[in-house]
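Hi everyone, thanks for making time. Let me put the model up on the screen, and then I'll walk you through a few places in it.

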Amino acid sequence: MKYKALSFFYITLLFITQMAAEDGSRLWLRQSTEKATQVIAPHPSPTLDIAVNELRQSWKGDPVLLTLKKDKALKPDGFRIYAENGKIRVISPTETGLLYASYHLLRLQATHKTTSQSFTHNTVFPLVSNPTYHLRILNHWDNLDRTIERGYAGQSLWNWEDLPHILSDRYKDYARANASIGINGTVLNNVNASPEILSTDYLQKVKALADVFRSYGLRVYLSVNFASPMALDSLSTADPLNKEVIRWWKSKVKEIYHLIPDFGGFLVKANSEGQPGPCDFGRTHADGANMLADALKPYNGIVMWRAFVYSPSDADRAKQAYLEFKPLDGQFRDNVIVQVKNGPVDFQPREPYSPLFTAMAHTPLMVEFQITQEYLGHSNHLAYLSPMWKEFFQFVPPHSLKAIAGVANIGTDVNWCGHSFGQANWYTFGRLAWDSSLSSEVIADEWLQQTFDLGESEVLKVRDLMLQSREAVVDYMMPLGLHHLFAWGHHYGPEPWCDIPGARPDWMPSYYHKADKNGIGFNRSSTGSHATAQYPEELANQYDHPDTCPEHYLLWFHHLPWTYQMKNGQTLWEKLCRHYDHGVQQVKEFQKTWDSLEEHIDAARFKEVQSRLKTQMRDAVWWKDACLLYFQQFSGMPIPYDLERPIHELEELKQIQLPINNYECPTGELLNTKR
Ligand code: BDP
């Protein structure tokens, strides 16, 4: 008896310590069991069993009845929830829809949208929810050696060496987290794809992952290397019109579907940054994409063909994807989606939208967002990305797109994303992919309420911080439309001075800022590269003139004198200085806000974020000093005297070499010019 009581004591203690030790591993899925509710499903199945278990474990309200039923108002993954006779009725045409609805109920509960135990008279119900996009896909830039290109949260989750025999528990946790926010596709490997992923050995491993993910409604896709037939089976060509090549892909696709009947399809980076592609054989992107699409078509597979192309030609890099893809509009098969990055250059803290989105009326398009913060301070800086993605949707109506993809920020770190607040970006991507009309405020609230145990006023404080965070990064890194001032290679710190003899000019910051005694900025107006002409007329006219161009895009589209008068009467130089300083001041405020919440946040996560904010603060000052001291050489003007003075010497900053080397260059072309 005594022994029993003692062990009960220890088990309880263990339970309490486990609960207290928040390590971030539970993400936004932290609800615990308190009361078993009755949950009824139409029949047992792997997917419905998950839905039932999730609700039985955490749902505290009225009994739930899950029903499979077609409904005119519902898309396949959509669901309807309403209260009837003291029960919650959930309806969807698919099992996955019922699973999504179950997670939605739990989300409502965790975010206090349902206030009492009885939901019969609740104002939230009845509700109907349909996804904005049918395809909501994560792109992992994971290499087969488990490094992750632009990954800042440990190694790749996929343990290729152990697969297919040993299955880490995290595979299921990963699928569950995705299902809870509606993500239904995952591209497992890097767009700089190793041909080996298509070898029979690796396909067995991919199958093992697909088997785990399936019941969570998560389909597997692969990035493929266009020259795979040459690399894997020594074909003499990868020409998409060559019969042998066509046969090779058809038989490879057959092999894949034999193993993975619900395989999603291919993602392709072709003729970009040294990757092989159809242009190597005198063919077009459409020829290449269509050949793969034909092979996948009998199995309902799709091709996501990336439009991220640019070469070291004379044309302005921001114009090149348009120049190459616009003439191909209407030439793609109906199971090809052209995947375009949100901006015309490359995931900068702020870019105007890529003009391709409004130029390809006859081609299904999808947007590629970058969840991993390659250009926004890696996993060291707090940058809530929802406002950035919503900004894109102001120009590109969500419904004009066929699908949505996000480059994942997930790795083996215990908290999955490195920075605790990186989880918010994974969460946001899923929520916006499901419902693009959600506001950044609502998503931040949801995430905060589920991720921490904060009171209402604390949620407001942190939400405010989150909402300002992306703009703060823009301010201390590259305000007013400046872009690509990043250090060569790792893209973390500033290097506006970077000049590597013999390197591609379009990889040098000076290509983008063009600072000299006369001014700063890239002239993309009608007197310059005329990139403005790629936009619809109204925007083109607006962007073409400095006086009508929004100030946050000013130096993206114009090269202007340092003394150019801004809308508030300040000179361009002064305004620039004030933006940099403002960014720094904001991070200082973030630190204060966070510290003031110490007693409301569990110790481990409090310290982790506190320490990352310190790093962010140091980096913000580094960015400000580096950029202002460097540009001051050209402007010859003083930094306004009411602003904090630089604390570094320019020469000292130029010496900084970070030991970050997680960027493995895939091709010789890159290696030759890499420091
Ligand atoms: C750039 C990254 C590079 C990627 C490339 C891409 O620096 O690592 O391979 O984009 O999207 O942002 O293909």
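Phe347 sits in the loop between strand 11 and strand 12; helices here are DSSP runs of H or I with at least four residues, strands are runs of E with at least two, and both are numbered from the N terminus. Phi of Phe347 is positive, about 50°, although the residue is not a glycine. At 3% relative accessibility, Phe347 counts as buried, where buried means under 20% relative accessible area, exposed over 50% and partly exposed in between, with a 1.4 Å probe and protein chains only.

A word on the ground rules. This is a predicted model, in which local features need pLDDT of at least 70 and side-chain atom pairs count only at pLDDT 80 or more, while totals for chains, interfaces and linings use all residues. Residues are numbered from 1 along each chain as its sequence is written, and side-chain values use heavy atoms, leaving out hydrogens and water.

The loop between strand 11 (336–341) and strand 12 (365–370) also holds His362. Is His362 buried or exposed? His362 is exposed, at 61% relative accessible area. Leaving aside residues up to four places away in sequence, His362 touches Asp329 and Gly330, a contact being heavy atoms within 4.5 Å.

Another positive phi, near 55°, belongs to Ser234, again a residue other than glycine. You'll find Ser234 in the loop between helix 6 (228–233) and helix 7 (243–259), and Ser234 is exposed, with a relative accessible area of 62%. While we're on backbone geometry, the peptide bond from Leu163 to Pro164 is cis, with omega near 0°. Pro164 lies in the loop between strand 6 and helix 4.

That brings us to helix 4 itself. Its buried residues are Arg170, Tyr171, Tyr174, Ala175, Ala177, Asn178, Ala179 and Ser180. Their cover includes helix 3 (95–110), strand 6 (135–139), strand 7 (185–187), helix 5 (200–213) and helix 11.

Now, how do helices pack here? Two packed helices are described by the angle between their axes and the distance between the axes. The axes of helix 3 and helix 4 cross at roughly 75° and come within 9 Å; axes are lines fitted to C-alpha atoms, for helices over the stretch in contact, and angles run from 0 to 180 degrees between N-to-C directions. That makes helix 3 roughly perpendicular to helix 4; the cut-offs are under 35 degrees for roughly parallel, over 145 for roughly antiparallel, 65 to 115 for roughly perpendicular, and oblique for the rest. Leu99, Tyr100, Tyr103 and Arg107 of helix 3 meet Arg176, Ala179 and Ser180 of helix 4.

Helix 10 (residues 386–395) and helix 11 (residues 422–434) pack at about 30°, with axes 10 Å apart, and are therefore roughly parallel to each other. Ser386, Trp389 and Lys390 of helix 10 make the contact with Asn425, Thr428, Phe429 and Leu432 of helix 11. As for burial, 13 of the 13 residues of helix 11 are buried.

Last stop, the core. The largest nonpolar core has 212 residues, of which Phe213, Phe266, Trp426 and Phe631 touch the most other members; such a core is a set of buried Ala, Val, Leu, Ile, Met, Phe, Trp, Tyr and Cys residues joined through side-chain atoms within 4.5 Å. Helix 18 (residues 603–635) supplies the largest share of this core, 14 residues. A second, separate core has eight residues, including Phe308, Tyr310, Trp488 and Ile500. Thanks, all!
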